[in-house]
Amino acid sequence: SIDGTKETHDHLRGEGAYEAAMKAIDLCKANGIKIIFSSVLTSKTLRQDLSFLLKFSDLYDTFCVFQPVCNGGFFPEGYRTYDKLDPFVVSAERLEYLYRCLKDDPNKKRIIGGDDYIRFILEVNKRRQRGIRRLENCMAGKLFFYIAPGGSMFLCSQRFQKLLNKRIYECSLEEIENMPAAQVKCLGCECYSY
């Protein structure tokens, strides 16, 4: 996770987080491990952060995925939000501005999904502005799953239904490959664009 320049990243993730991320990147590179940068867009994200991240991705010959901070999630007991995140949630207008900055950046080839991804996000954003909320099919549990810090596996980071009653490091590759893929419908996130 890299959210922008050192100042922006440390402001969002805590003092020293940027240097720790740089060390991790260098360790991966030294050991031949491929990396992809993941950036959370917040109300504090600036145009220069986006430009920095795309230049940085070009330097490391990799890609970057951009996703707005999400205040809320789908839990068994319903939808929750967190007051501490409120100041960081991006307005629809600001989000449109940030994605248009990405669309105009000379290094946009470093964005996962490129123009298709940006078009998708802007379309979802327009629907949200118009108040259109519809359940959509998702590939969570089919194309990807979420691993929590403790090793538990879930369909996604917003839907905490355990896939197996084991942690990932207790599973064989065969068990993971044969996990049941549930049909998931929800109000949507940027993962649909992948």
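Predicted model: local features only at pLDDT ≥ 70, side-chain atom pairs only at ≥ 80, totals over all residues.
A polar contact is a pair of N or O atoms within 3.5 Å.

**View 1**
S39 has its place in strand β1. Is S39 buried or exposed? S39 is buried, with a relative accessible area of 1%. A polar atom of its side chain lies 3.4 Å from the backbone oxygen of I2. Beyond its neighbours within four places in sequence, S39 is in contact with I2, D3, L53, C64, V65, F66 and Q67.

**View 1. The whole protein, for orientation.**
Six helices and nine strands make up the secondary structure listed for the protein. Of its 194 residues, 38% are buried. Among contacts with a separation of 6 or more, 58% join residues 24 or more positions apart. The protein exposes about 11500 Å². Carbon and sulfur atoms supply 54% of that area.

**View 2. The aromatic pair F37 and Y60.**
The protein has four aromatic pairs. One of them is F37 with Y60, whose ring centres are 6.1 Å apart. Why is this pair edge-to-face? Its planes stand at 90 degrees, and planes over 60 degrees apart count as edge-to-face. The pair links distant parts of the chain, 23 residues apart. F37 is in strand β1 (residues 37–41). Y60 is in the loop between α3 (47–59) and β2 (64–68). F37 is buried, with a relative accessible area of 3%. F37 and Y60 also belong to one aromatic cluster with F52 and F56.

**View 3. Two charges over rings.**
K44 lies over the face of F88. The distance from K44 to the ring centre is 5.9 Å. In the second example, the charged end of R110 sits over the ring of F63. Here the distance to the ring centre is 5.7 Å.

**View 4. Helix α1 and its cover.**
Helix α1 spans residues 6–13. Which of its residues are buried? They are T8, H9 and D10. The cover over these buried residues includes α2 (17–30) and α3. Just after α1 comes G14, with a positive phi of about 110 degrees.

**View 5. The largest nonpolar core.**
In soluble globular proteins, nonpolar side chains tend to be buried together. The largest nonpolar core here has 25 residues. Which members touch the most others? They are F66, Y99, L102 and Y117. At least two residues of this core come from each of α2, β1, α3, β2, α4 (92–104) and α5 (114–129). The largest share, five residues, comes from α4.

**View 6. N107 in its loop.**
Where does N107 lie? N107 lies in the loop between α4 and α5. Its relative accessibility is 13%. N107 therefore counts as buried, the cut-off being under 20%. Not counting residues up to four places away in sequence, N107 touches L54, K55 and D58.

Definitions and conventions:
Residues numbered from 1 in each chain as written. Heavy atoms only, no water. Helix = DSSP H or I, 4+ residues; strand = E, 2+ residues; numbered from the N terminus. Buried < 20%, exposed > 50% of the residue type's maximum accessible area, 1.4 Å probe, protein only. Contact = heavy atoms within 4.5 Å. Areas by Shrake-Rupley, 256 points an atom, 1.4 Å probe, with all protein chains shown as cover. Phe/Tyr/Trp six-rings, centres within 6.5 Å; stacked < 30°, edge-to-face > 60°. Lys NZ or Arg CZ within 6 Å of the ring centre and 35° of its normal. Core = buried A, V, L, I, M, F, W, Y, C linked by side-chain atoms within 4.5 Å. Polar contact = N/O pair within 3.5 Å; in protein donor to acceptor, adjacent residues only side chain to side chain.
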